[in-house]
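I've opened a new model and want to jot down what I look up in it. These are my notes, in the order I went.

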Amino acid sequence: MTMDLVSVQDVRKALERISPYTHRTPLLTSQSIDEIATSSIFPDDSDDHDPSSASSSSSPSKVKLRIAFKAEHLQRVGAFKYRGATNAVLVHLRQAETEFLEKGGKKEDWDPSRLWVVTHSSGNHAAALACAARTVGARAAVVMPENAPLTKQRAVAGYGAEITFCKPIQKERESTAERVMAELRSKGFLVKFVHPYDEPLVIAGQGTMALEMLEQVGSLQSKGFCSESVRSVEPSSAGSTRGTKRAVPLGPKAQGIWQERGEDEPALDILIAPVGGGGMLSGVSTAIKGTDERIVVIGAEPEAVDDAARSFTTNLLQPSVLPALTVCDGLLTSLSARTLSHIQERVDTISTVSEVNILRALRLHWERQKQLVEPSAAVGLATLLQAENGLSRGRGGDSGGTVGTEEGKRFWGLRRWIEEIVRRKLDHRQLSHGSEGDVEIRIGIIWSGGNLEVEKIVPKLEALGV
């Protein structure tokens, strides 16, 4: 069955639409994380760290990884889900108003509270939809499983949503949502269902974070520690303390500045995003590939729940792994036919990672970067710490048994992709008689959110000796 895919134009329109309501979250960097990740890909200072052996070039260059984290845990409601929810609510609100006027209503009589948006969710999407609806004067009804965490229930209720509880099985969620929608329609309200990820408007909204990343990367060439999250404001007087923003970086701060790139090079070499139901990865890959096809897009998933990776490599939807023995409770949802279609078309690899590496990455985020992100957000860095794709075990390593073929690339891990990108850069440098120097690989990683129960995570860190 042919399915229409979201386009990069859809994502650009979504960014314009939601920007007045969403935060432009910053890109954060860490030199210590760069060094740790580089050492994981190239374990020692031997020839493995010298890319000249991967090319006909005789350059003595060293590889340096530069990593930028899109801090979506600083988004409204604490997660990227607010982007997609806001885009969907705004479009449905406009359509509802148009429908009201076409039926003879007067513009001055239009009331946004006539629109109800409905969903079933136990987590961030429920809070995001409730917040988005309240922001524009619409209303939200959320179906939640009766075993949903109290913290999530309180958050959703706090944003003004009406909650209906159901048994914690998918069939009950869907039937209860249908009943709620029917009841609202019987009262004369305009009602729209907004799926957490299997929805074009949500996919387009999630893709907006990738467009922001591509815009923000340039500032890391002059600042080196954090992107510009908002427009700079000129000081109002000579005595303003804002003058420190213009200080010339020195010492370690200067070392954090990224190399300048011309227009003939991509803004990023690799973009890594977590994958559960696939809404974010569908939107992000659409934005990235629609802007620059040279950028490698990689989905990251726990080995313990690898149904997205298996769906990607077999071209068939695979069921969820039960029981779900992973700390990443935000990545337990399976792909839909819609999200799999986007991912098949626009994602280069889905890399699976072990629980140990996920927790190692999480600890680095907490301790080195002082950012309290959730375990699901740590899968991106975990792919670099692990270096190899867990899905490739038993298939001849990262080659997938078919070195260099498109089918084989689906099993590549980060080390193999980085080696390939380095080879291309050195070959290009030789052909263009470019200058020697370090080969800098730019990697963007998306942090999905910061909602977590710390008391549940710490024992897992201790149990695995992380």
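**Entry 1: the start of the chain**

Is L5 buried, partly exposed or exposed? I'm working on a predicted model, and in it L5 has 28% relative accessibility, so I log L5 as partly exposed. The cut-off for buried is under 20% and for exposed over 50%. L5 sits in the segment before helix 1, which spans 8–18.

Next I asked which residues L5 touches, leaving aside its neighbours within four places in sequence. My list reads S341, H342, E345 and R346. S341 is 336 residues away from L5 along the chain, yet I get 7.6 Å between their C-alpha atoms.

**Entry 2: whole-chain numbers**

I stepped back for the totals. The protein chain has 466 residues, and 54% of them are buried. I count 16 helices and ten strands. For contacts between residues at least 6 apart in sequence, 74% join residues at least 24 apart. The accessible surface comes to about 20500 Å², with 50% of that belonging to carbon and sulfur atoms.

**Entry 3: salt bridges**

How many salt bridges are there? The count is 26. I went through a few of them.

I started with K70 and E212, whose side chains meet at 2.8 Å, N to O. K70 is in strand 2 (residues 63–71) and E212 in helix 7 (residues 200–216), so I note a link between distant parts of the chain, 142 residues apart. Are the two partners buried or exposed? K70 has 0% relative accessibility and therefore counts as buried. E212 has 2%, so E212 goes down as buried too.

Then I looked at R338 and D198, a salt bridge at 3.0 Å, N to O. R338 belongs to helix 11 (residues 337–346), while D198 is in the loop between strand 6 (190–193) and helix 7, so this pair ties together parts 140 residues apart in sequence. With a relative accessible area of 27%, D198 is partly exposed.

E265 and R261 gave me a salt bridge at 4.0 Å, N to O. The cut-off is within 4 Å, so I've flagged this one in my notes. E265 is partly exposed, at 30% relative accessible area. R261 is buried, at 15%.

I also found a network of salt bridges: R416, E420, R423, R424 and D427 are linked in it.

**Entry 4: helix 2 against helix 13**

What I want for two packed helices is the angle between their axes and the distance between the axes. For helix 2 (residues 31–41) and helix 13 (residues 379–386), the axes come within 7 Å and cross at roughly 45°. That angle is why I call helix 2 oblique to helix 13.

Which residues make the contact? From helix 2 I have I33, I36, A37, S40 and I41, and these meet L381, L384 and L385 in helix 13. Sorted by class, the contact has seven nonpolar residues, one polar and no charged ones.

I finished with a look along the backbone. Where is the loop that holds P323? P323 is in the loop between helix 10 (307–314) and helix 11. The peptide bond from L322 to P323 is cis, and I read omega near -5°.

V77 is not a glycine, but its phi is positive, about 65°. I place V77 in the loop between strand 2 and helix 3 (81–102). The relative accessible area of V77 is 15%, so V77 is buried.

A387 is not a glycine either, and it has a positive phi of about 75°. I find A387 in the loop between helix 13 and helix 14 (406–409). Its relative accessibility is 0%, so A387 counts as buried.

Technical notes. Residues numbered from 1 in each chain as written. Predicted model: local features only at pLDDT ≥ 70, side-chain atom pairs only at ≥ 80, totals over all residues. Heavy atoms only, no water. Axes fitted to C-alpha atoms, helices over the stretch in contact; angles between N-to-C directions. Helix = DSSP H or I, 4+ residues; strand = E, 2+ residues; numbered from the N terminus. Parallel < 35°, antiparallel > 145°, perpendicular 65-115°, else oblique. Contact = heavy atoms within 4.5 Å. Nonpolar A, V, L, I, M, F, W, Y, C, P; charged D, E, K, R; others polar. Buried < 20%, exposed > 50% of the residue type's maximum accessible area, 1.4 Å probe, protein only. Areas by Shrake-Rupley, 256 points an atom, 1.4 Å probe, with all protein chains shown as cover.
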